[in-house]
Amino acid sequence: MPSINTISIDKLTRLIGTPHCPALVDVRTEEDFAASPRLIPGSMRRPHTSPSDWARDFAGRSAVVICRQGAKLSQGVAAWLRHAGIPADGLEDGFEGWRKANLPTVPTAKMPPLDREGRTVWVTRARPKVDRIACPWLIRRFIDPRAVFLFVAPAEVEAVAERFSATPFDVEGVFWSHRGETCTFDVMVEELGLATPALMSLAAIVRGADTGRFDIAPQAAGLLAASLGLSRMYADDLAQLEAGLTLYDAFYRWCRDASDETHTWHSKRP
């Protein structure tokens with residue numbers, strides 16, 4: 001049982017990747033962070049020295065505070081957040097406990113730079129179908145919950161990336177794109193240290209839908225059908241993205257929790 005005002009690592013692993021995950025706030029000292037420059041998926045860095053300055057960033061949400069060992073820094077910052085009206089707990093055993101449990105961590109060296117508001121900014125081609133919805137879902141759920149996505153004309157992706165300091169993805173000739181037979185989603189899962197069984201299973205479904213190889217995973221045909229349907233329902237790419245997040249939430253939970261479950265209702269009529 002976790003102690004008062006803490007959350008266990010097991011419980012947090014069940015929340016990460018879901019739309020109801022608390023804000024994850026990493027308050028390790030600069031020295032501790034430099035010794036292990038990685039983040040628990042979905043977490044963001046904040047200085048432990050000034051929680052009253054940034055507490056408002058998490059208004060309306062609950063939070064989990066992460067320090068190196070789950071002791072004084074996380075307890076103190078969580079108390080400050082509660083003082084500001086934000087339900088907050090510390091992570092039991094902290095970042096070191098998470099690491100020792102061999103759970104995934106994201107290398108910050110692979111993450112794009114943050115803008116002035118502390119967000120990552122990404123740009124890709126307009127009118128998304130599969131990869132260009134799947135990748136933003138992965139980023140929002142496991143990398144940066146506040147990430148910004150710019151959908152522009154295909155010919156302008158490179159120029160927009162340069163002019164607006166955005167990271168291009170799912171276009172030719174950039175780091176975050178298809179490699180061989182893998183799609184951009186595969187690349188992000190691998191490069192960002194997120195190769196859990198559930199996400200690897202989802203990656204196979206996304207790859208099959210994105211490349212038309214339904215032999216990879218039988219669910220790929222259904223994902224493609226749903227994706228094409230969404231693209232017909234929404235003329236606005238950002239509205240389609242918001243709807244697509246729910247679609248991928250469902251596929252992720254199936255991969256993680258329900259892939260062995262069957263539904264075999266039969267009529268009893270003679």
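**Sheets, rings and cysteines in a predicted model**

Residue T6 has G90 as its bridge partner in strand β6. The model is predicted, so that local features require pLDDT of at least 70 and side-chain atom pairs count only at pLDDT 80 or more, while totals for chains, interfaces and linings use all residues. Residues are numbered from 1 along each chain as its sequence is written, and side-chain values rest on heavy atoms, without hydrogens and water.

The bridge of T6 belongs to the pairing of β1 with strand β6 (residues 88–91), which is parallel and spans two bridges. Helices (H or I, at least four residues) and strands (E, at least two) are DSSP runs numbered from the N terminus, and two strands pair if DSSP finds at least two bridges between them. Strands of a sheet pair through backbone hydrogen bonds, either parallel or antiparallel. Here, five strands make an open sheet with parallel pairing, in the order β1-β6-β5-β2-β4. Because β1 (6–7) and β4 (43–45) stand at the edges with a single partner strand each, one side of each has no neighbour in the sheet.

Another open sheet has three strands in the order β9-β8-β10, again with parallel pairing. Its edges are β9 (148–152) and β10 (167–168); each has a single partner strand, so one side of each lacks a neighbour in the sheet. Strand β8 (residues 121–125) runs parallel to β10 and is joined to it by two bridges. In β10, T167 is the bridge partner of W122. Helix α6 (residues 131–142) packs on this sheet and touches β8 and β9, where contact means heavy atoms within 4.5 Å. The direction of α6 makes about 165 degrees with that of β9; axes are lines fitted to C-alpha atoms, for helices over the stretch in contact, and angles between N-to-C directions run from 0 to 180 degrees.

W122 also belongs to a cluster linked by ring pairs, together with F149, F169, F175 and W176. Rings of Phe, Tyr and Trp (its six-membered ring) pair if their centres lie within 6.5 Å; planes under 30 degrees apart count as stacked, over 60 as edge-to-face and the rest as tilted. The whole structure holds nine aromatic pairs.

The cysteines form zero disulfides, a disulfide being a pair of cysteine sulfur atoms within 2.5 Å. The sulfur of C67 lies 17 Å from the closest cysteine sulfur, in C21, and is therefore too far for a bond.
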